[in-house]
Each structure stands twice: as structure tokens, then as C-alpha cells.
Amino acid sequence: MADSQVEARPAVIILLGPPGAGKGTQARMLQERFGLVQLSTGDLLRAAVAAGTEAGKQAKAVMEAGGLVSDEIVLAVLKDRMEDPDVREGIILDGFPRTTGQAAALDSLLAEQGQKVSAAVSLEVDDAAMVERIAGRFTCANCGEGYHDRFKPPAVDGVCDKCGSTEFTRRPDDNADTVRERMAAYHAQTAPLIAHYERLGVLSRVDAMGPIKDIGQALGAVVQRATG
Ligand code: AMP
């Protein structure tokens, strides 16, 4: 029952999972379906690198090697983005937090605003399949829609389904060696966060090995429960 005295809190959804698990794809689908805003620290850092900012200069080499950028830099770019008015409706964090320090910083940042994490979803996958998933992926350079050579090609070859652009990009860190480093960083530093969110009572696990649509449905149900 709705209580007019209680102000609705903006949803904060966290997607956890190794590189290639589909966090970006699913975050974009949730963004469209629930009107939440996708916040990808990877995208924010890539934009900082492209813009040549001080944070971008420091992050570049670490990202190319597949390591984790310092908490200080990541938190700075994220906090900056969180000040934009559009995030007030609620956010889907894609690729953040990635360390226990980032998770603690997020908990305190939200607490200061009278908010908390609504749901954290662990996208469960087989590591071995991830290299193949990552090696084939590419993105529309205009609207950011994600594609895959095998699993999700555009309907018309070379033309983005969403915006019609014919320009696509592939990430420089989507090569086998860097993916192995990113996978190692995930297991060493990010996977322990699953237990953190389990303790907070907000964790769900979703099998993320099947078709994108099925994963989207399972994830949508979790977000619906957390925000409804
Ligand atoms: P992603 O797009 O999420 O795969 O991130 C690409 C790269 O950006 C990662 O391999 C890291 O080098 C860096 N990165 C993104 N998010 C974070 C984060 N939360 N903490 C540290 N490094 C990050």
C-alpha cells in the first residue's frame, strides 16, 4: 500500500559479474524498461581517457593492461556523474563497485542521501565462455548499442539496429591477454563483494549463460521486486 508520508527512494541497482557477463547489455535494457540511468564506470573512464583529462591520463595504462583503476579516480568520476540531475530517478551501476573500498564508499555516499542499495545482482557465468563472448563484441559508435559477431549481429550487416549508424568500435582491452587480467582482477577484488551484498540482504543471483532475452526477463523480475 502506498504511504503518501513516505517519499519514494530512487532505486540503486548494482550489476556484478566478470567481464563478458553482459552487464552493459542488460543495464541498457533495464534503462529502457524502468527509466533508470545506466552508470558505467568503464564508460566514464573511457570518456575521460578520450577527453585527455588528468584522471583519464592516469587511468589509461591501467585499463590497457586490464588492471583496476585506483578507487580515488573511479570515485571521483562517478561522484561527478552522480551530481547530474538525470540520475535522480534511480541508477543501474554497471562495473561499480569493483573493490571492497568502493562498496564501502558507495554505502556511505548513499547513506548521506538517505538512500541504500535496492538490489545487487550477480550475473553467474562460466569463465571459459567469456573470452569468446568478449572477443566478438563491438559497439555502435553513435548510440552505444552493443553487438556481437555471433550472438547479436545487427539485423542488416554493418548498420546499427537502433540508430542506423554505420560506424562501429571495438574496445582495445577486448583482447585475450587483457581479458585474462580483467578476469583475474574480478576474482581477486570484485567477487568478494557478492558476500557483502548477501550480508546486506539485497543479493540475487541470475544465470547469465542463456539467451540475452531470458536473462533480461530474470533480471527485470528482480528489479521489479526491488523497485515496485
Ligand atoms: P568495463 O567497461 O567495466 O569492463 O571497464 C573497463 C576497464 O575500466 C576495467 O578493466 C578497469 O581497468 C577500469 N574500470 C572500470 N570500472 C572500474 C572500477 N569500478 N574500478 C576500477 N577500475 C575500473
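This is a predicted model: local features need pLDDT of at least 70, side-chain atom pairs count only at pLDDT 80 or more; totals for chains, interfaces and linings use all residues.
User: Which helix gives the largest share of the shell around the ligand?

Analyst: There are 16 residues around the ligand, and those that come nearest are Thr41, Arg46, Gly67, Gly95 and Gln102. By class, the shell divides into six nonpolar, five polar and five charged residues. Its largest share, amounting to four residues, is supplied by the element spanning residues 41–51, which is helix α2.

User: How many disulfides does the structure hold?

Analyst: A disulfide is a covalent bond between the sulfur atoms of two cysteines, and the cut-off applied to the sulfur pair is within 2.5 Å. The sulfur of Cys163 is 3.6 Å from the closest cysteine sulfur, that of Cys140, and is therefore too far away for a bond. The number of disulfides in the structure is zero.

User: Which cysteine has the sulfur nearest to that of Cys160, and how far away is it?

Analyst: Cys160 is buried, because its relative accessible area of 3% falls under the 20% limit. By contrast, Cys163 is partly exposed, with a relative accessible area of 34%. Cys160 is in no disulfide, and the nearest cysteine sulfur belongs to Cys143, at 3.7 Å.

User: Which strands stand at the edges of the sheet?

Analyst: Strands of a sheet pair through backbone hydrogen bonds, either parallel or antiparallel. Here three strands form an open sheet with antiparallel pairing, in the order β6-β5-β7. Each edge strand has a single partner, so one side of it is left without a neighbour in the sheet, and these strands are β6 (146–148) and β7 (168–169).

User: Which residue in β6 stands opposite Thr139?

Analyst: Strand β5, covering residues 137–140, runs antiparallel to β6, and three bridges join the two. In the pairing of these strands, the residue of β6 that stands opposite Thr139 is Gly146.

Notes
Residues are numbered from 1 along each chain as its sequence is written. Side-chain values use heavy atoms; hydrogens and water are left out. A residue is near a molecule or strand if one of its heavy atoms lies within 4 Å of it. Ala, Val, Leu, Ile, Met, Phe, Trp, Tyr, Cys and Pro count as nonpolar, Asp, Glu, Lys and Arg as charged, and the others, Gly among them, as polar. Buried means under 20% relative accessible area, exposed over 50%, partly exposed in between (1.4 Å probe, protein chains only). Two strands pair if DSSP finds at least two bridges between them.
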